[in-house]
Amino acid sequence: MTNGLMQIVVTLVIAILLVKPVGAYLVKVFDYEKTGLDRIFGPGERFIYRMIGVKDREPMGWKKYVFAMLLTNFIMMMFMYIVFRTQKFLPLNPDKIGNMPPALAFNTAASFITNTNWQAYSGEKSLSYLSQMIAITFPMFTSAATGFAVAIAFIRGLVAKQNNLGNFYVDLVRSITRVFLPLSFIVALFLVFQGVPETLHGAANATTLEGVKQTITRGPVASLESIKHLGTNGGGYFGTNSAHPFENPTPLSNLMEILCMLLLPTALVYTFGVMIKNKRQGWSVFAAMGIMFLLFLSVVLFAEYQGTPALNALGVHGNMEGKEVRFGISESSLFTAVTTAATTGSVNNMHDSLTPIGGLVPLGEMMLNNVFGGKGVGLLNGLLYVILTVFICGLMVGRTPEFLGKKIESKEVKLASIALLTHPVIILVPTAIALMTPGAISSILNSGYHGVTEVLYAFTSGAANNGSAFGGLTANTNFYNIAIGIVMLLGRFISIIAMLAIAGSFATKKIVEATTGTFRTDTPLFTGILVVIILVIGALTFFPALALGPIAEHLGMFH
């Protein structure tokens, strides 16, 4: 256990050391004033703007920004759906894979356009090379860039003096050209060095030591893996995801994938502090997210090392079920906490095989949906709770709530409430419907409390745009494909629209000078209050559902 803890500490220390330099770089990326980066990326970006007919200096208010974001994503989603439905007739399909059924194609298109990357299929058997590249890997870039663009626009709105959130197309293109493409290229080369395949040749044929003929699926895996983790996308080229030796072959590749998941979500919080010209505020939000992450990590680590009473009675200490020997309990637990904290959805172990309390951790992180979160949207959800915390504290002490020198009024609170309430509604209501529908119940592998958790996890993963699967649930049915597809779209875009509307409202407000009566939001006290309010709201909202699933299963182990 000591070695495992040391591995975790080293990983997190590296991640923290990268926060400031990467965050500072992101500030330069989204600064519309000319910088040295324009000499490198400017010519290519201006060519893209001319190709798509965009005026790169055209300012956008929040409504125009939202429209541009929705239009772009809708067109890409339709393109992806068509590719999935016609891949049988398209090139780069050496294994002759057929077309996806309509419901599955809708689910997959909705999944990858929303940065969820939920997979109701096994990639190596359901997608051609062309589909993997232009309808899976490419949307991993655009969906991640969309989240980045929206977060930057929201930050601009908080400190703006007019209704100008920037230009969505410029933010989208810069996210791809200046952040995701360069980093993905470097990480892909490292993964190839570690043994991850990157080829357009068909499956390889081999003979085992026993003399049995075996077909080994391969393809452009490394390029998908790099953006999958950097963009906190999730999904996987193979059905077993990052537990597959072709996706994550060594402890070094595992370290790289964890760092990639943490890199941009953590750095973006620092970027927030720099852009609002209040680094203390940025570190305050970072501390709140960090405290919650360490709490969840400690719980899953303790639960998996503790094991279960049945295993302990057999003399087996620690739960290695569903885990790869090359990673062990510590790296599997860390990966579990990181992939759901960063809303990535990639897995290097099977969450269905976690202990009940260990399985509660990824569920809890997705339900809160603000423990760093994916790039962009995670920060938005964190700032949503900041606004609510300021409002609640203002009511408690009898002061007008203010954030960054601007008053929080009924409009902002209503919009924040819509974003906050949407999340539990699109989790709990579909879960209840599924548990009352005979066809949906028949998809559950395990009966009892664990079966409830399987369904709850599926809709939570979709609503949080995480995409990891608890396993055990046969999700490739018309009911789950359509239901989870709708949940993913609602979970992604309702909160984005509400938060950009808040940004637009903030942008037109006058800045009020701070006085001795101003409630400070960049102090350790506020950080503590923020953590408590997040946990209390989460507990009040989701505890009854959790009591029917992992908590009841845990208590049942002792009887």
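Student: At roughly what angle do the axes of helix α10 and helix α13 cross?

Tutor: In this predicted model, the axes of α10 (residues 279-306) and α13 (residues 356-368) cross at roughly 160° and come within 8 Å. Angles over 145 degrees count as roughly antiparallel, and α10 and α13 are therefore roughly antiparallel to each other.

Student: What is the handedness of the crossing where α10 passes α13?

Tutor: The crossing is left-handed.

Student: And which residues meet there?

Tutor: From α10, the residues are Met-292, Phe-293, Phe-296, Val-299, Val-300, Ala-303 and Glu-304. They meet Ile-357, Gly-358, Val-361, Gly-364, Glu-365 and Leu-368 of α13. By class, this contact of α10 with α13 has nine nonpolar, two polar and two charged residues.

Student: Moving on to α8, why is it described as largely enclosed by the rest of the structure?

Tutor: Helix α8 spans residues 221-230, and nine of its ten residues are buried, so the rest of the structure largely encloses it. Among the buried residues are Glu-225, Lys-228 and His-229, along with Val-221, Leu-224 and Ile-227.

Student: What covers those buried residues of α8?

Tutor: The cover includes α6 (129-159), α7 (168-194), α9 (251-275) and α12 (328-341). Just after α8, Thr-232 takes a positive phi of about 45°.

Student: Now His-351: is it buried or exposed?

Tutor: His-351, which lies in the loop between α12 and α13, counts as buried because its relative accessibility is 1%, and the cut-off for buried is under 20%.

Student: What is His-351 in contact with, leaving aside neighbours within four places in sequence?

Tutor: With those neighbours left aside, His-351 is in contact with Thr-336, Thr-339, Pro-362, Tyr-457, Ser-468, Ala-469 and Phe-470.

Notes:
Residues numbered from 1 in each chain as written. Predicted model: local features only at pLDDT ≥ 70, side-chain atom pairs only at ≥ 80, totals over all residues. Heavy atoms only, no water. Buried < 20%, exposed > 50% of the residue type's maximum accessible area, 1.4 Å probe, protein only. Helix = DSSP H or I, 4+ residues; strand = E, 2+ residues; numbered from the N terminus. Contact = heavy atoms within 4.5 Å. Axes fitted to C-alpha atoms, helices over the stretch in contact; angles between N-to-C directions. Parallel < 35°, antiparallel > 145°, perpendicular 65-115°, else oblique. Left-handed = near helix turned anticlockwise from the far one by under 90°. Nonpolar A, V, L, I, M, F, W, Y, C, P; charged D, E, K, R; others polar.
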